[in-house]
Amino acid sequence: MSSQDSNQDNGHAEPVARKGISRRRLFGAAGAGAVAVGAGAVAGRLTAPDPTSGYDDVVPFRGAVQAGIVTPVQDRMHFAAFDVTTDSREELVALLRKWTAMAERMTAGKQATEGGAVDAGEYRPPDDTGEALDLDACRLTLTIGFGPSLFVGADGKDRFGIAGLRPQRLTDLPKFTGDALDPARSGGDICIQACADDPQVAVHAIRNLARVGFGTVAVKWSQLGFGRTSSTSTSQSTPRNLFGFKDGTRNIKAEDPAAVSEFVWAAPIDDQAWMAGGSYLVARRIRMLIEPWDRTVLHEQERVIGRSKGSGAPLGGRDEFDPLELEAKGAGGKPVIDTDSHVRLASAEELGGIQILRRGYNFTDGSDGFGHLDAGLFFIAYCRDPQTQFVPMQQSLARNDALNEYIKHVGSAVFAVPPGVGDAGYWGSTLFGDAGPSVDDREAGTPGQ
Ligand SMILES: C=CC1=C(C)c2cc3[nH]c(cc4nc(cc5[nH]c(cc1n2)c(C)c5CCC(=O)O)C(CCC(=O)O)=C4C)c(C)c3C=C
Ligand SMILES: [Fe+2]
């Protein structure tokens with residue numbers, strides 16, 4: 001993004017990514033390093049950067065489905081949940097239109113509004129906060145979702161005339177065994193998930209959307225994530241979570257369209273027609289009790305997860321992508337993959353075929369005042385029906401997962417993620433039913449009015 005706001009800023013030969021340190025310069029144009037990755041890469045050995053990651057890549061904003069779901073997971077995330085502070089449907093729709101125009105620009109590597117940072121006059125606050133000037137799009141995706149409380153408030157009110165359009169699948173999650181949820185980190189009327197390969201690009205996007213929403217929405221809670229904990233494409237290597245284990249090995253991948261359409265995208269016959277091509281997002285802020293985990297011997301860590309820490313292979317297997325042999329027995333006839341292990345309890349084999357698409361991030365938010373790291377996994381799952389996918393999976397984990405000794409769920413939210421905006425729609429246009437901003441408006445960078 002340049003102060004001139006030119007499209008040519010994307011894909012040029014010499015991107016100035018972060019103060020002269022461009023990934024291209026460090027790793028070459030394709031981002032491929034010379035060091036081998038993949039199965040067999042162990043802690044202590046260098047791994048190559050993600051081959052799908054290029055700082056100046058633009059992920060198309062418009063389409064039949066929203067970007068940021070099956071898009072290969074970016075390195076960084078800023079997630080915000082908003083409460084709507086107005087009772088006016090018109091004001092809400094006007095903001096959604098304005099957000100759409102800004103989101104389309106920012107995901108293309110442009111300023112939030114044309115010339116917004118420095119060219120709109122000396123005697124008014126800039127329309128773009130400016131911290132992403134000189135940065136590329138960095139594969140920024142912005143994904144919006146609507147919480148149950150947008151449809152029917154806690155007071156039972158239908159503020160925006162959409163109570164009858166609430167999908168039945170969009171209900172607050174039940175309380176799970178062991179939940180220690182903080183209401184201040186849970187729920188929300190609207191969420192926006194910003195993912196990018198540069199944290200400043202993701203933060204800039206959320207900041208500018210929140211800023212323009214003043215008077216209509218207010219941030220309820222937000223979360224920064226610094227390292228992806230899954231892969232959503234076979235082109236990506238499997239990252240590690242803060243317990244040091246490869247995470248995302250048996251995730252749904254974009255290259256498996258049958259699984260994506262069965263488990264991720266809402267179909268027209270599912271529920272509300274406006275959700276066709278959308279999905280449901282479940283967010284859980286999960287504290288990981290780092291200190292007790294770090295005092296746990298490797299054998300126990302691997303028993304708890306059900307996989308080898310180094311290779312990521314299932315216990316009893318050799319390679320990361322070997323199948324889980326859930327029937328295999330070891331010494332004394334004991335299951336090789338423990339009956340309480342995380343992977344067994346979360347597996348489709350044990351859950352009648354259920355799967356979800358995981359898209360979470362590591363977080364560390366300093367320490368908790370008692371000398372412990374406030375760190376963990378900001379778990380994000382996309383599914384076609386949270387009630388029949390996420391809920392039974394989490395019920396099984398909450399009751400029996402050996403991992404529970406080392407984690408605590410402290411935040412929770414669920415959102416209906418509408419379909420993509422197509423050629424002319426705006427965020428929520430299938431729900432609110434109005435026409436989107438015209439192409440001319442979008443070209444001119446004028447937020448829809
Ligand atoms: C309700 C769903 C899940 C929650 C919550 C969850 C939390 C959580 N997971 C890990 C670490 C790992 N999870 C792994 C696999 C895995 N996890 C879930 C679901 C939830 N995880 C699923 C569906 C799976 C795949 C199971 C399978 O079919 O094999 C793994 C292994 C690698 C992998 O396949 O991804 C790890 C490691 C942590 C640390 C955590 C909470 C903090
Ligand atoms: Fe897991």
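**Fold, loops and ligand shell of the model**

R139 sits in the loop that joins α2 to β2. Helices here are DSSP runs of H or I with at least four residues, strands are runs of E with at least two, and both are numbered from the N terminus. The model is predicted; local features need pLDDT of at least 70, side-chain atom pairs count only at pLDDT 80 or more, and totals for chains, interfaces and linings use all residues. Residues are numbered from 1 along each chain as its sequence is written, while chains are lettered from A and ligands numbered from 1 in the order in which they are written.

R139 is not a glycine, yet its phi is positive, about 60°. R139 counts as buried, because 28 C-beta neighbours lie inside 10 Å. Burial is scored on C-beta atoms placed from the backbone: a residue is buried with 20 or more others within 10 Å of its own, exposed with 12 or fewer, and partly exposed in between. D134 is also found in the loop between α2 and β2 (141-146). Its phi is near 80°, again positive in a residue other than glycine. D134 has 16 other C-beta atoms within 10 Å, so it is partly exposed.

The protein chain contains 11 helices and 10 strands. It has 449 residues, of which 47% are buried. Contacts are pairs of residues with C-beta atoms, placed from the backbone, within 7 Å. Among contacts in the chain with a separation of 6 or more, 72% are between residues 24 or more positions apart.

An unreviewed entry lists residues 66-226 as "domain: Dyp-type peroxidase N-terminal".

Helix α2 covers residues 89-107, 19 residues in total. From its first C-alpha to its last, α2 reaches 26 Å, close to the expected 27 Å. That expectation is 1.5 Å times one less than the number of residues. Of the 19 residues of α2, 15 are buried, so the helix is largely enclosed by the rest of the structure. G109 follows α2 and has a positive phi, near 85°.

I69 lies in the loop between α1 (23-27) and β1 (76-84). It counts as buried because it has 23 C-beta neighbours inside 10 Å. T143 is 74 residues away along the chain, yet its C-alpha atom is 7.9 Å from that of I69. T85 belongs to the loop between β1 and α2. With 14 C-beta neighbours inside 10 Å, T85 is partly exposed. Its contacts, leaving aside neighbours within four places in sequence, are T216, V217 and A218. The C-alpha atoms of T85 and A218 are 6.7 Å apart, across 133 residues of sequence.

G433, in the loop between α10 (429-432) and α11 (439-444), is exposed, with 11 C-beta neighbours inside 10 Å. Its C-alpha atom is 18 Å from that of V152, a residue 281 positions away along the chain.

The shell around ligand 1 holds 29 residues, and F245, T249, R250, A346 and S347 come nearest. Shell membership requires a C-beta atom, placed from the backbone, within 6 Å of the ligand. Elements contributing two or more residues are β6 (279-288), α8 (342-346), β9 (373-383) and α9 (390-400). The top contributor is α9, with four residues. By class, the shell has 16 nonpolar, eight polar and five charged residues. Ala, Val, Leu, Ile, Met, Phe, Trp, Tyr, Cys and Pro count as nonpolar, Asp, Glu, Lys and Arg as charged, and the others, Gly among them, as polar.

Helix α9 has F390, M393, Q394 and L397 as its buried residues. These residues cover an arc of only 90° around the axis, so they lie on the same side of α9. The arc is taken over the directions from the helix axis to the C-beta atoms. The buried residues of α9 pack against β6, α8 and β9.

Terms used. UniProt positions renumbered as here; feature names shortened; annotations may be inferred. Contact = placed C-beta atoms within 7 Å.
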